[in-house]
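Start with the structure itself.

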Amino acid sequence: MAHYLECFSKQAMRFDPAGQGREFLEIGRRAGRFPAARYERDGVRAEISVWCSNDYLGMGQHPQVLAATKAAVDEFGAGSGGSRNIGGTNHLHVLLEKELADLHGKEEALLFTSGYTANDGALSVLAGRMENCLVFSDELNHASIIDGLRHSGVEKRIFRHNDSAHLAELVSAADPDRPKMIVLESVHSMAGDVAPLAEIAGIAKRYGAMTFLDEVHAVGMYGPQGAGVAAAEGLAQEFTVIMGTLAKGFGTTGGYIAGPAALIAAVRNSSRPFIFTTALPPAVVAGGLAAVRYLRTSDQERETLRRNARLMHRLLKERRVPVLSDSSHIVSVLVGEDSLCKTASDLLLERHGIYVQAINAPSVRVGEEILRVAPGAVHGGDDVRGFVEALAGIWQELRLPRS
Ligand code: PLP
């Protein structure tokens, strides 16, 4: 066998779904009826209910978003036709950037093809081009942040997750003359806990550090007009750069940063993941723009999301099903063992038509496997009650840990 085939065949065995492998469930989210989705496996078709989507507010099926997307397809076609620099910038890209800058009260914003590339592309420049910079990064920061910092080549100090005392200790021990940057998420993507933003902003101010805040799981869902947790706490101006996505609360796709014009210009002019790729299709941008504009004026989806999340937390607590945190809409139920986590997810699907993905390593650390439940604005109170009933039955049957 050729060396390359042997090499990857061995690895493929390790990635078998029975082991560490990832199995991708094929679903067709039903526009207009989501969280309902079409599901097909081994020739069997069924309708299931999705409980792990990042389309938290259902904007991916909102009539205004769909109408804007369709109109842009009719007007501008399917793709953007080029990179932003070479023929790929539509007026819609510029409008969305202006809207996002305005949403966050920042001078300018810059769109990327995803939140992943926004973190990677922005941090590689912002950390990399500040001479002698020292970065303080939360230990549980998302892979895209880690990659951006790696690509910048910057020196890092890692602080314990959401531990502002540890951050203060590390920052105060650093050379006072070195430029500093603190990088963190507001609502954590997996644990669902919320960073102590006021304390972190205070530390940044005391030591003159720049701050880069990933609000991917907060924009659309929290704060006035959906501007995020920093805005909700009146702290948006304390964070130099706010980073977000159009792919979660805003239901479409694309990532962005918003911040001071000089920083945005540096990223626009030298970030490789920004420059060397095809721009987002105008239709996607039109959908994202419609979603952002809509959520700046409507609180209804945010309120439903909050109500459902609160109800789910309360019911799980009553049944002593352990969750990692009860401070956001991300309800991460702790299983703590990979095969049990997969079994629980399989049983929910087979018996109840409920889809919650088992989250195993490397997305979380070994022993911290979770079912990451995302009750959305698209669910009703009875749906939440039905979900908790189903989960509690499986919890009992598999003898999973209690809180
Ligand atoms: N940042 C965090 C904290 C995330 O959880 C994610 C994705 O899940 C991203 C960035 C990347 O965003 P996107 O899905 O738009 O690429």
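Tyrosine 4 counts as exposed because its relative accessibility is 54%, and exposed means over 50%. The model is predicted. Tyrosine 4 sits in helix H1, residues 3-14. Together with Met1, Leu5 and Phe8, Tyr4 makes a nonpolar surface patch. The area of that patch is about 520 Å².

Helix H5 comes next. H5 spans residues 143-152. Its buried residues are Ser144, Ile145, Gly148, Leu149 and Ser152. Seen down the axis of H5, the buried residues fall within an arc of 135 degrees, so they line one face of the helix. Arg150 and His151 are exposed on the other side of H5. Glycine 153 follows H5. The phi of glycine 153 is positive, near 75 degrees.

Now the domains. The protein chain is divided into domain 1 and domain 2. Domain 1 takes in residues 28-57 and 299-398. Domain 2 covers residues 62-295. How many Å separate the centres of domain 1 and domain 2? Taken over C-alpha atoms, 27 Å. The contact takes 21 residues from domain 1 and 23 residues from domain 2.

Definitions and conventions
Residues are numbered from 1 along each chain as its sequence is written. This is a predicted model: local features need pLDDT of at least 70, side-chain atom pairs count only at pLDDT 80 or more; totals for chains, interfaces and linings use all residues. Side-chain values use heavy atoms; hydrogens and water are left out. Patches are made of residues with over 30% relative accessible area and no salt bridge: like charges are joined within 9 Å, nonpolar side chains (Val, Leu, Ile, Met, Phe, Trp, Tyr) within 5 Å. Accessible areas come from the Shrake-Rupley method with a 1.4 Å probe; for residues, only the protein chains shown count as cover. A salt bridge is a side-chain nitrogen of Lys or Arg within 4 Å of a carboxyl oxygen of Asp or Glu. Helices (H or I, at least four residues) and strands (E, at least two) are DSSP runs, numbered from the N terminus. Buried means under 20% relative accessible area, exposed over 50%, partly exposed in between (1.4 Å probe, protein chains only). The arc is that of the directions from the helix axis to the C-beta atoms. Domain bounds come from an automatic or database domain assignment. Contact means heavy atoms within 4.5 Å.
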